Amino acid sequence: MTHSLYELDYNLRQLDAVMSQAQDEETLLILEDTKNVLLPQIEESAVDILTYIGDCQARAKHLKDEAVRIAKKAKALEGRAEWLKNLLKTHMQMTNQEKATYGTYDVSLAKRPDRVVITDENWLPDELC
């Protein structure tokens with residue numbers, strides 16, 4: 001039966017406490033033998049933990065890389081959709097169509113008022129802002 005590193009550390013601390021209070025040489029030798037059995041188990045448990053840490057880090061890196069790849073793909077698809085919208089808009093403008101039906105889709109050119117975008121806030125006086 002394998003024990004967790006926490007349990008093994010607890011056992012080692014208990015063993016060290018008992019060893020510090022041991023009165024006779026025979027008890028001390030038995031406790032030392034027990035400690036020698038415990039130490040390789042602790043090392044094995046630590047190696048298992050380090051292996052699992054490496055696995056978690058590798059999986060996390062893979063997921064981050066995959067997220068970046070998917071985000072790039074989504075951005076490309078958004079760009080393609082925008083380009084296609086502009087293509088359809090240009091077609092409708094060149095054929096003087098304000099509304100059209102294509103298959104099950106109804107499309108229309110929306111008339112929006114012109115807008116002004118101010119990038120420099122200092123351009124207007126404070127009383128107008």
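Begin by selecting Ile49, which lies in helix H2; helices here are DSSP runs of H or I with at least four residues, strands are runs of E with at least two, and both are numbered from the N terminus. The model is predicted, so local features need pLDDT of at least 70 and side-chain atom pairs count only at pLDDT 80 or more, while totals for chains, interfaces and linings use all residues. Residues are numbered from 1 along each chain as its sequence is written, and side-chain values use heavy atoms, with hydrogens and water left out.

Is Ile49 buried, partly exposed or exposed? Ile49 counts as partly exposed because its relative accessibility is 37%; buried means under 20% relative accessible area, exposed over 50%, and partly exposed in between (1.4 Å probe, protein chains only).

Next, select the whole of helix H2, residues 25-94. Its 70 residues reach 103 Å from the first C-alpha to the last, close to the expected 104 Å, a span computed as 1.5 Å times one less than the number of residues.

Within H2, now highlight Leu31, Leu38, Ile42, Ser45 and Met92, the buried residues of this helix. Their packing partners are helix H1 (5-20), strand S1 (99-102) and strand S2 (105-108), where contact means heavy atoms within 4.5 Å.

Proceed past the end of H2 to Asn96, which takes a positive phi of about 55°.

Finally, select S1 and S2, which pair in the antiparallel sense over four bridges; pairing requires at least two bridges found by DSSP between two strands. Thr101 has Asp106 in S2 as its bridge partner. Two residues stand between the strands of this hairpin, in which Gly103 takes a positive phi near 65°.
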